[in-house]
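The questions below go through one structure, from its cores to its helix contacts and loops. Each answer ends on the value or name asked for.

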Amino acid sequence: MSSLTAAEKVYFEDILDMGDGYVLDFNNATFEEFFRSYGIAIYGDQKYLKNSGSKAWRLRAFWEQDPDERVARVLSDLLDRYEAICETQGHDRKVNVLRKSRDIIARLSGRTRFTKPVTADQFLEEQIELPSLQKLPVESAVVGVIKERLQEAELVSQAGAHLSTIFLCGSVLEAVLLGAANDKPEQFNRSGSSPKTSEGKVKKFHEWSLSDLINVACDIGLLEPDVKEFSHGLRSFRNYIHPYEQMSSGFVPDKHTASLCFQVLKLALASVAGER
């Protein structure tokens, strides 16, 4: 039985849009498949049949009866799906509800979340230096490449080449998080946020997207939630390496955007290196 309180459940009811018996964009088949990836028979096990038996009622039965750790993993994955829906469909995220929901999941998982203001200006205020690259969990041969890209990113940033700064920052972030996954394979694979195949198996690391790496790194405590949030912004900007993507979005990078992306990278590297 989970320790979710009545007040805490309200946040998940809201963000998962459970009012009319639904849960996010799931249909019955995809809802069943989602829970099957956790070894849970959400339709086959009678203990999850409650009231009308809708998806929302089955989720309520699940979080009322299953242990905290399992509930935390499932809810974390559902929040990741919510964020993906918002991003791909252009919906505004319920930022405050999302942050509170992540706090609740951290409590269920037995972790303490580091909570900071999420405005860009406040995020930029933190004074941080790039960590020693030798502390990063990447192959020694890759360290030299990362060093060169960081130096180039500083140069192009000073020159006002904002888009180039963003691309370089995104490439370094992905390389370091992939290195972290290879360094801590069991933790990354066990995370409820790890991407799965259609058979419910965790994908090979080289198949993970940057979004997957960011989500799991935060889930296992490698990245703090504030870094996760802005890392997704960097990832989104980096996708404009495709000219048509940039044209269709009307995205025009400026100095503030480039500075924010560099700050994200520095904080992420410091976190991975254990210096934050």
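Contact means heavy atoms within 4.5 Å. This is a predicted model, in which local features need pLDDT of at least 70 and side-chain atom pairs count only at pLDDT 80 or more, while totals for chains, interfaces and linings use all residues. Residues are numbered from 1 along each chain as its sequence is written, and side-chain values use heavy atoms, with hydrogens and water left out.

Q: Which residues does Leu136 touch, not counting residues up to four places away in sequence?
A: Leu136 is one of the residues that touch the most other members of the largest nonpolar core. With residues up to four places away in sequence set aside, its contacts are Pro131, Val176, Leu269, Val272 and Ala273.

Q: At what angle do the axes of H7 and H8 cross?
A: Helices (H or I, at least four residues) and strands (E, at least two) are DSSP runs, numbered from the N terminus. Axes are lines fitted to C-alpha atoms, for helices over the stretch in contact, and angles run from 0 to 180 degrees between N-to-C directions. The axes of H7 (residues 140-158) and H8 (residues 162-183) come within 9 Å, and their crossing angle is roughly 155°.

Q: Why is H7 described as roughly antiparallel to H8?
A: Angles under 35 degrees count as roughly parallel, over 145 as roughly antiparallel, 65 to 115 as roughly perpendicular and the rest as oblique. H7 and H8 cross at roughly 155°, which means that H7 is roughly antiparallel to H8.

Q: How many nonpolar, polar and charged residues are in the contact of H7 with H8?
A: On the H7 side the contact is made by Ile146, Arg149, Leu150, Glu152, Ala153, Val156 and Ser157, and on the H8 side by Ser164, Thr165, Leu168, Ser171, Val172 and Val176. Ala, Val, Leu, Ile, Met, Phe, Trp, Tyr, Cys and Pro count as nonpolar, Asp, Glu, Lys and Arg as charged, and the others, Gly among them, as polar. By class, the contact of H7 with H8 has 7 nonpolar, 4 polar and 2 charged residues.

Q: What separates the C-alpha atoms of Glu152 and Leu168?
A: Glu152 is in helix H7 and is partly exposed, at a relative accessible area of 42%. Glu152 and Leu168 are 16 residues apart along the chain, and their C-alpha atoms are separated by 7.9 Å.

Q: Which helices do the buried residues of H3 pack against?
A: In helix H3 (residues 55-65), 8 of the 11 residues are buried, so H3 is largely enclosed by the rest of the structure. Those buried are Lys55, Ala56, Arg58, Leu59, Arg60, Ala61, Phe62 and Trp63. They pack against helix H1 (6-15), helix H2 (28-36) and helix H4 (68-89).

Q: Is Leu24 buried or exposed?
A: Leu24 lies in the loop between H1 and H2 and has a positive phi of about 50° although it is not a glycine. Its relative accessibility is 17%, so Leu24 counts as buried.

Q: Is Asn51 buried or exposed?
A: Asn51 is in the loop between H2 and H3, and its phi is positive, about 50°, although it is not a glycine. With a relative accessible area of 57%, Asn51 is exposed.

Conventions. A nonpolar core is a set of buried Ala, Val, Leu, Ile, Met, Phe, Trp, Tyr and Cys residues joined through side-chain atoms within 4.5 Å. Buried means under 20% relative accessible area, exposed over 50%, partly exposed in between (1.4 Å probe, protein chains only).
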